[in-house]
Amino acid sequence: MITLQNVTIQRGTKYLLEDCSLTVHAKQKIGVVGANGCGKSTLFAAIRNELGIDKGTITLPAHLRIAHLAQETPALERTALDYVIDADKPLRDIEKKLVQAQEENDGNLIAKLYAEFEALDGYTVQARAAQLLDGLGFFANQFEQSVKSFSGGWRMRLNLAQALMCPSDLLLLDEPTNHLDLDAVIWLEEWLRKYPGTLLLISHDREFLDNIATHIAHFERNKMKLYTGNYSAFEEQRAANLALQQATHLKQQQKQEHLISFVNRFRAKASKAKQAQSRLKALAKMEMVAAVQAESPFEFEFKPSSKNPHPLLNLEKADIGYDTHAILKQVNLQITPGMRIGLLGPNGAGKTTLIRLLAGELKPLSGDYEINGETNIGYFAQHQVDALRPDESPMQHLSKIAPQASEQQLRNFLGGFAFSGDMALAKIDKFSGGEKARLALALLVWQRPNLLLLDEPTNHLDLE
């Protein structure tokens, strides 16, 4: 189906893949996993021929139909339903030809085009598109809204609906569960299990991968290795491989030490010189097995705040929403130190609206909102990531909120979030979405909040 032969991909001076080979067979459902910035999205771009590779070949079958999840959505006047149907380009092409044939009154061509239209399930296209939108959480009254009227998260759902609508043999999905609520994730799982083509899926949701993947492709140290089974099976296999690698390394180290000891003892003795020489040759030929390195580069904690007032904040009979429209009504909520509150509900129910009010970005339409003067709020949301300055480094970002800290203190702190060495000083414009999210989280942790407000904090973060 798809063959990578000795593929090397670089980003600047950094190797993402080096001399990597892999074969993907038809109808496999492969979860693609690895650390943020390792090259997963770059590989997808290379498969779509949107990005050149530095060495090797990527071979695809002729006439392979590829669908992918676009990361950008233009602000279009087209309705949501039409936007999704636009993904079926062969059907749209026939519709255009039909209009032209009808204008020219070409009866034979009209009959032929209608036959092709029926063969492509053209008469069910509206229902199929509506079914996708419904499954992804859109209400029927939203189908005729313009694309530009939707927020960023909902536009990503429209892009996902387009990817699922597009006739394809190969489906490339990059973090499709971001911005989906639980009902939509469950619906998508079911849809992907029934998908008849080949699936390559980048995800950091282990349960999602467990329910869909037949194989796992793991990026590690510029290589990619294919494992059979879902994510849990991959973890078991990899743990066994690492244990074997470490045992082999230790055994090899002992053998190497024994050979070196023998050579050092008997090299000068004429009677043993030949044996010493043969052991030197054995040493030279030995293929060294590396020691297992600690996988997680992260080491950080939320330091306790200097003050912990009681209560942190209080809401009484608050109506919350925008302009005069209340999304939540008569909310009573008191937050005290030590609470752990999970916010659940379908998209549009008001979870983000409530968090924005608690963060002080909104005021209640009515009722009381009181915050203790000693409450220090740490707020993590998608717009915090978008507010990062692309032409600045992690060091520059952190030094602005920590002007009194020494360079070594800043470096040590950033190192705990895996921003070490040159990466701490690199401009973040080339960082992956996960790396940017990690930096936004680091800036939050430094400020030692006593109230954390987290809106989808795991979007884009890798499993580690």
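Select Leu4 and look across to strand 2: Leu22 stands opposite. Two strands count as paired if DSSP finds at least two bridges between them. Strand 1 (residues 2-11) and strand 2 are joined in the antiparallel sense over 7 bridges. Helices (H or I, at least four residues) and strands (E, at least two) are DSSP runs, numbered from the N terminus.

This is a predicted model, in which local features need pLDDT of at least 70, side-chain atom pairs count only at pLDDT 80 or more, and totals for chains, interfaces and linings use all residues. Residues are numbered from 1 along each chain as its sequence is written, and side-chain values use heavy atoms, with hydrogens and water left out.

Axes are lines fitted to C-alpha atoms, for helices over the stretch in contact, and angles run from 0 to 180 degrees between N-to-C directions.

**A charged pair in helix 4**

Move to Lys112 and Glu116. They form a salt bridge, with the closest N and O atoms 3.9 Å apart. The term means a side-chain nitrogen of Lys or Arg within 4 Å of a carboxyl oxygen of Asp or Glu. Why are Lys112 and Glu116 separated by about one helical turn? Because they are 4 residues apart in helix 4 (residues 107-119). The whole structure holds 22 salt bridges.

**Helix 5 and its partners**

Two packed helices are described by the angle between their axes and the distance between the axes. Select helix 5 (residues 125-135) and helix 6 (residues 152-165). They pack at about 135°, their axes 9 Å apart. Helix 5 and helix 6 are therefore oblique to each other. Angles under 35 degrees count as roughly parallel, over 145 as roughly antiparallel, 65 to 115 as roughly perpendicular and the rest as oblique.

Which residues of helix 5 and helix 6 make the contact? Show Val125, Arg128, Ala129, Leu132 and Leu133 of helix 5, then Leu158, Ala161, Leu164 and Met165 of helix 6. Contact means heavy atoms within 4.5 Å. By class, this contact has 8 nonpolar, no polar and 1 charged residues. Ala, Val, Leu, Ile, Met, Phe, Trp, Tyr, Cys and Pro count as nonpolar, Asp, Glu, Lys and Arg as charged, and the others, Gly among them, as polar.

On helix 5, pick Gln131, Leu132 and Gly135; on helix 7, pick Ala184, Trp187 and Trp191. These contact residues divide into 4 nonpolar, 2 polar and no charged.

Last stop: an open sheet of 3 strands in the order 11-10-12, paired antiparallel. Strand 11 (325-335) and strand 12 (366-371) stand at its edges. Neighbouring strands are turned by 30° against each other on average, direction ignored. Strand 10 (residues 313-322) and strand 12 share 5 bridges. Find Leu313; its bridge partner in strand 12 is Ile371. Finish on helix 11 (residues 351-358), which lies across strand 10, strand 11 and strand 12.
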